[in-house]
Structures are given as C-alpha cells and as structure tokens.
Amino acid sequence: MIASITPYYSLKLNLRVKAVSSLFIITGAASKRTMVTTTSNTGDSYTTISERISFEKEIKKSRFIAIAAPVSDEQSAHSFLSEVKDSRANHNCWAYKIGDQYRSNDDGEPSGTAGKPIYSAIDSSGIDRVMVVVIRYFGGIKLGTGGLVRAYGGVTSECLKNAPTCLVKSKVQIDMEVPYDLLGLVYHQLQHFQVENIKQDYDTGNDGITVVSFMVDYDKVESLENAVKDNCSRNIVFLKTLKQN
C-alpha cells in the first residue's frame, strides 16, 4: 500500500483522493512450484484483453491449450482458474499479471519450464490485468526443459497475439469538502474535466460545508486540482491519499 499526504496551501477547501485501481495477489491456494514476484510499475492507464480467448497447438503429440482472460483481482483470478482447469489433464500451468504483482505456477512440470515462460510471454505482450492458463495433455514424447519453455511460452504468445485488447484508464475517487459559496465554481470545474458519479452530502457536521464526491481519470487529477486552486478566491488545502491495495 502506498499512501502520501501532500499539503499545498492553507485552509478552506479539502480534497481527499483515493485511487480505485487495485493490485492483488492470489493467496491461500495449494499449488506446486509457485513463484511470486513484485516489481514497481505505476501508471495511469493499462492495456488488457477485452474478452476470453484460447489457442491450441499440438507439439510432439502433446496437446497444449492456452486460455487467457482479463482478471482484476484475487477473486476473479481464482474463479477463472477453477473454471478452466481440467483435472484430466497432466498439467494446468498458469501465470498472471495484475499491476505490479505477478505469480506463476508450474503445476508439476520441471521448475521454471512452464509458469515462468507463460509470465514472460505476458510481460512481453505489454498486456496487464490478465491471466493465462496452459493445459497440457501429455502425448508420450518428452520435450526436455528447453522444449517445454518454448512450448508454454509459445502458445501463450500466440494466444495473446490474437486477443482483442482495450485501453483502460485508472479512475480516482475524490471527496471534496466545499463551502456553500464555492459550489458554483467547483461544479463548473467538474463539468470541464468530465468527472463521473457526482454525489453531494450536506450532513458533514460542519456549518456551511458540503462534501462533493466524484470519479475522475487519474491523469486529470493534477490539472483539476490546479484549476480549482487557480480559480478560488481564497487559500485552499489539498489532502491527497493515493492507495494501491
């Protein structure tokens, strides 16, 4: 979790900002040779696949089926894996990338020959918030470690190459404590920056203050703050809390 509070000026208008884009990691499931790794990668948008897609290939009589789907959190990743894995198959290997968290599983294949190349193919594709499960039905011919790496990485790459993608912008929720006489100014700026889901609460416990809540694209937050500050007739304070869970 990342949290920061940045004061800019003095008093009167407070903005509390919470990023709603989330990063999760799967825990609690028994698995074989599972690799968990964290990297630092924060952005205001990401590319993901827009629908589930599969790719199948036979390699030396073994049948490999790669199935990819967008995943946003721990629950959706668990659900996807439970739905597509086949208990009749020899191996159900997988990897996922959700923000700066990723995890891979060899499911009984030699260490590093399945989950890791699946993840490497995901990472190379530039696609985020995605999970790929590769199901293998053994055909009787051993591929060796190099052959397994090429097989699992190759079918993952082919699967993702054929997948329809979409650009997703991270959203930020902002709660603003606004004096009544500044509501007109604030709403003008909110309309200009095309914010979404505006709500207003007068039951704040502070006379003459209302709380205005809304959603805005991550990359518009700084410009919105500057616009409110520049157009306000009094000193203001911005309280920002960015969270990644």
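In which helix do Glu-158 and Lys-161 both lie, and how many residues apart are they? In this predicted model, both residues belong to helix α3, which covers residues 144–161, and they are placed 3 residues apart, about one turn of the helix. Their side chains meet in a salt bridge, with a distance of 3.2 Å from N to O. Glu-158 is partly exposed, its relative accessible area being 29%, whereas Lys-161 counts as exposed because its relative accessibility is 58% and the cut-off for that class is over 50%.

The structure holds 8 salt bridges, and one of them is formed by the side chains of Glu-83 and Arg-52, at 3.1 Å from N to O. With a relative accessibility of 55%, Glu-83 counts as exposed, while Arg-52, at 40%, counts as partly exposed.

A further salt bridge is found between the side chains of Asp-128 and Arg-129, where the distance from N to O is 2.5 Å. Asp-128 and Arg-129 are both buried, a class that requires a relative accessible area under 20%. In general, side chains of opposite charge can pair when their charged atoms come close.

Key. Residues are numbered from 1 along each chain as its sequence is written. This is a predicted model: local features need pLDDT of at least 70, side-chain atom pairs count only at pLDDT 80 or more; totals for chains, interfaces and linings use all residues. Side-chain values use heavy atoms; hydrogens and water are left out. A salt bridge is a side-chain nitrogen of Lys or Arg within 4 Å of a carboxyl oxygen of Asp or Glu. Buried means under 20% relative accessible area, exposed over 50%, partly exposed in between (1.4 Å probe, protein chains only). Helices (H or I, at least four residues) and strands (E, at least two) are DSSP runs, numbered from the N terminus.
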